[in-house]
Amino acid sequence: MNLILFGPPAAGKGTQAKRLVETRKMVHLSTGDMLRAAIASGSELGKRVSGIMERGELVSDGIVIELIEQRLPEAEAAGGAIFDGFPRTLAQAQALDEMLAHRGSRIDLVVRLKVDDEALMQRIAGRYAESGRPDDNPESFKVRLDAYNSQTAPLLPYYENHKKLVQVDGMGSIDDVAGAIDQALDAPRW
Ligand code: AMP
């Protein structure tokens, strides 16, 4: 089972992914986490992406596609992946479909967490003080939200056309959202 957790920054994708890792033993593939690890390690890649990330812009498709490709065997061995923060562009979505097809696999489900922009801005104001994430500052967050609305949200029709999309209200409590995701995962599929 390969699942994409889809939604804007701070929608709760990471929180829900961590829970699914525990309950379903799937592998969590977060390109944001991978890029932050590259920055923390001081690698060449980290140096290339740190400014871009700090501003809240998207790094190039080639970089994130390669990061994901490297982790697919591990996810396959575990029985499935939770993609979090990937894909973010149509090119990434198409590359993901091709990489999976090449391995005899596919995306089974895309769960969209719906949270309105106003609520996200409020959430992030609280998170910035605690997280210390440089891209959680209000200016960068605005850029991230704009990137989501202009480059990532247009993927929704792509997954809807492929009959993969399920919409979940992301405004509820963590447990309520978790329950809705479980329901979507356990529902019989077409
Ligand atoms: P995230 O933790 O998913 O919010 O990602 C943090 C930042 O990493 C984003 O604002 C981008 O700069 C970069 N990033 C993460 N995933 C991607 C992706 N799939 N495509 C482009 N940039 C990404």
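Predicted model: local features only at pLDDT ≥ 70, side-chain atom pairs only at ≥ 80, totals over all residues.
Altogether, 16 residues surround the ligand, and the closest of them are Thr31, Glu57, Gly85, Arg88 and Gln92. Helix α2, which spans residues 31-41, supplies four residues, the largest share of this shell.

From the backbone, an N or O atom of Gly85 lies 2.9 Å from a ligand nitrogen, and a polar backbone atom of Val59 is 3.1 Å from a nitrogen atom of the ligand. From a side chain, Gln92 places a polar atom 2.9 Å from a nitrogen of the ligand. Of the 480 Å² of accessible area that the ligand has on its own, the protein covers 96%.

Two backbone features may be considered next. The peptide bond that leads from Phe86 to Pro87 is cis, and its omega is near 0 degrees. Pro87 belongs to the loop that runs between strand β3 (81-84) and helix α5 (90-102). The other feature concerns Lys25, which adopts a positive phi of about 60 degrees although this residue is not a glycine. Lys25 is found in the loop between α1 and β2, the latter covering residues 27-30.

The final topic is the pairing of charged side chains. Side chains of opposite charge can pair when their charged atoms come close. Across the whole structure, a search finds 13 salt bridges. One of them joins the side chains of Arg24 and Asp182, with an N to O distance of 3.0 Å. This pair links distant parts of the chain, as its two members are 158 residues apart. Arg24 belongs to helix α1 (residues 13-24), whereas Asp182 lies in helix α9 (residues 174-186).

Notes:
Residues numbered from 1 in each chain as written. Heavy atoms only, no water. Near = heavy atom within 4 Å. Polar contact = N/O pair within 3.5 Å; in protein donor to acceptor, adjacent residues only side chain to side chain. Areas by Shrake-Rupley, 256 points an atom, 1.4 Å probe, with all protein chains shown as cover. Salt bridge = Lys/Arg side-chain N within 4 Å of Asp/Glu carboxyl O.
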